[in-house]
Amino acid sequence: MPDSAAALTVEGIVAGYGGVPVLNNVSVAARPGTITAVLGANGAGKTTLLRTISGLVKPRQGRILVDGANVARRPPENIARAGVAHVPEGQGVITELTVEENLRLGALSRRGGSVRSAALGDAYRRFPMLGERKKRPAGLLSGGERQILVIARALMSAPRVLLLDEPSLGLAPRMVTQVMDLVRGLRDDAGLTVLLVEQNARSALAIADCGIVLNLGKVVAADDAAVLAADVALRRHYLGF
Amino acid sequence: MQEFVEFTLGGIAVGMIYAAIALSLVLVWRGTRVLNYSQGGMAMFTTYVAWVVIRDTGDYWLGFFAALAAGLALGAFLESTAVRPTMGKAPLNSVIVTIGLLILLEGAAGIIYGGQYRSFPAAFSIRGLKIGSFGLGISEADLFTAAAVLAAALALFLVFEYTSIGLRLRATAFSPGVSRLLGIRIGRVLTLGWALAGLFGALAGVLVTPSTFLYPNSMDAIFVLGFTAAVIGGLDSPVGAVIGGVLLGVLLSYAGGYLGSNLVLVYGLAALVLVLMIRPSGLFSGAATRRV
C-alpha cells in the first residue's frame, strides 16, 4: 500500500536479530499529523519495528520512506537527521547530564545557534517543569519527569515523525493520562506524525487516529482506531481489554 | 625542610606529565571504552616529529607545535583506520589492536630514526630555581611543564563543559546509542576524542623527553606511570586524571628521594596494584562498574 501522502511508509519489512526474523513482511503508513498506534502482545515485534525504522536494526528486505526518501539500512544518526525522532523504551535519559544538556543534545543535529536556542525556549515554554529543573542532573528526575524530558528532547530536533516506545511504561496512572494528553497535543497543536507503541491498548486507541495490530511479527489488523477499539474479537485475542 | 620542598615541587612537576598521559587515556576510555596501550608509542612518535623539526629549523616552538599537530593527526588517523573496526566487537580485539599499534610505532621509529638515544631540548632552563639560597628543586622548564599541562587541561575542561562539541563528546561517552538516535555522528566524535588524546600524548612526550632522552621505547615507563595515575583518578574522570597524576608524582618523588631512586618504577607499579586492590574504580570515578 504505497501511500504518497504518508509522512512515514514502511513497506514489506523483514527484520530481526540473527536467524529467525522478528518482523515478517510488515507494512504500515502514517499520514502526516496523525497518531498511529502499534499494538500487540509482548514479543509481537512492536519494539523491533521502531528499532528498524530508526536504523538500530537493519532490515533484510523492504523499504522505509520518510517524506518519500528511502532511509532503510542507513545508520541511525542519518535517519534521525532525516527527521525521525525515536524515543526508546526505558527512556534513554542521559542521567549524568543536566536536564538542559539533555535538551540541547536533541537540537545538535540542527544548524545555527539561534535555531537551537529558540528550540530550547520553546521546550521550556511548553514544559515549564523542565525549566524549573534545568540545572539538575537528569538522573534526579522521577519516572514521569524523565518521560516528559525525553519527549521534549526528541522535539528539539523538529522531527517529521516521532516514534514513541511504551511511553506509559512504569508510570503512575495519573502520569499515564498526562503523557497521553501530551502526545495528543503534539498532533493537535504541532501537527506531528506519531507512531505510538503501547502495551496499554485502551489508552493508546483512545488518542490514536488509526492503528495496526502485530502478532508474531505479522500485521493481523490495520484500521481506524475506533474500528479496532470496537472489534470485540480482536480486543479479546490480541489487545487484552 | 629544604629536601621536603624540593621533593614536593619536583614531584608535582613530574606528576603533571603523568597527568597529561592519564588525560589522554581517559579521553579515549570515556569515548570508546578502549584502553589505548599505544598511547606511549604515539607520544614517542610525535616527539620524534618535534625532534626532526627542531633539528632542521633550529626553532624549538616550531617543533613543539608540530608535535601537537602531529598528535592530533596521528590520533585521528589511528582511530579511523585501525581502532574503528574493533568497535562493537569483543574488548580483547581493541586491546590487541592497540598493543599491535604500539609495536608498529616503536618499530617504525627505530627504522626511520634509528635506535640510539637522542638528546631533546627543553623550552626553558633546567637549572634549579632558588629563593635566596633556598633551592626549590624545580626549574623554569618544570614550571613551563606544569603551566602547559594545566592550561591544556583547563582548555579541555572548558570545551567539555561549555561547547556543543564538548556536549557531543560527553553524551557519546555516557550513552553512544542514545546519541546516535539524536542524530549525533558518533564516528566523528570518537575520532575527535582520539585526536585530543594524541594531542595530550604529544604534549607529555615533548615535555618529558628532555629528562629521558628520545629513543623508540622512551615513553614506555612514562606510559605505565600515566596509566597508574589514570587508574588512581578513576579512568572515567578527567579531573581525577590530573589529581591522580600529581598525587603519583609527589608520592614517587618522596619514595625516590627518601627510599632511593632505583626502584621508582617498582613503587609506581606497587601503587597501581594497591589502588586496584583497595579501590578499583579509582578515587574520583562516579561509575561503579568497569568492564576490564
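So, B:E161 is partly exposed at 28% relative accessibility, where partly exposed sits between buried, under 20% relative accessible area, and exposed, over 50%, using a 1.4 Å probe and protein chains only. B:E161 makes a salt bridge with B:R170, with the closest N and O atoms 3.9 Å apart. By salt bridge I mean a side-chain nitrogen of Lys or Arg within 4 Å of a carboxyl oxygen of Asp or Glu. B:R170 itself is buried, at 6% relative accessibility. And A:E101 joins in too: A:E101, B:E161 and B:R170 are linked in a network of salt bridges.

Before I go on, this is a predicted model, so local features need pLDDT of at least 70 and side-chain atom pairs count only at pLDDT 80 or more, while totals for chains, interfaces and linings use all residues. Residues are numbered from 1 along each chain as its sequence is written, chains are lettered from A and ligands numbered from 1 in the order in which they are written, and side-chain values use heavy atoms, with hydrogens and water left out.

Back to B:R170. It is one of the buried residues of α6(B), and others among them are B:L167, B:L169 and B:A171. Helices here are DSSP runs of H or I, at least four residues, and strands are runs of E, at least two, numbered from the N terminus. Helix α6 of chain B, residues 164–174, is mostly covered, with eight of its 11 residues buried. What does the covering? It includes α3 (99–106) and α4 (113–126) from chain A, together with α1 (2–32), α5, α7 (176–181) and α8 (186–208) of chain B.

In one of them, the side chains of A:E100 and A:K135 meet at 3.9 Å, N to O. That pair links distant parts of the chain, 35 residues apart: A:E100 is in helix α3 of chain A, and A:K135 is in the loop between α5 (128–132) and α6 of chain A. A:E100 is buried, at 15%, whereas A:K135 is exposed, at 62%.

Then there's A:R187 with A:D209, closest N and O atoms 2.9 Å apart. A:R187 lies in helix α7 (residues 173–190) of chain A and A:D209 in the loop between α8 (201–207) and β9 (210–215), so the pair ties together parts that are 22 residues apart in sequence.

Now the aromatics. Rings of Phe, Tyr and Trp (its six-membered ring) pair if their centres lie within 6.5 Å; planes under 30 degrees apart are stacked, over 60 edge-to-face, and the rest tilted. Over all chains, the structure holds 20 aromatic pairs. Take B:Y60 and B:W61: ring centres 5.1 Å apart and planes at 90 degrees, so that's edge-to-face. B:Y60 is buried at 12%, and B:W61 is partly exposed at 35%. B:F64 and B:F144 have centres 5.8 Å apart and planes at 55 degrees, so they count as tilted. Those two sit 80 residues apart, B:F64 in helix α3 (residues 60–83) and B:F144 in helix α5 (residues 140–162) of chain B. Buried or exposed, B:F64 and B:F144? Both are buried.

Definitions and conventions
Contact means heavy atoms within 4.5 Å.
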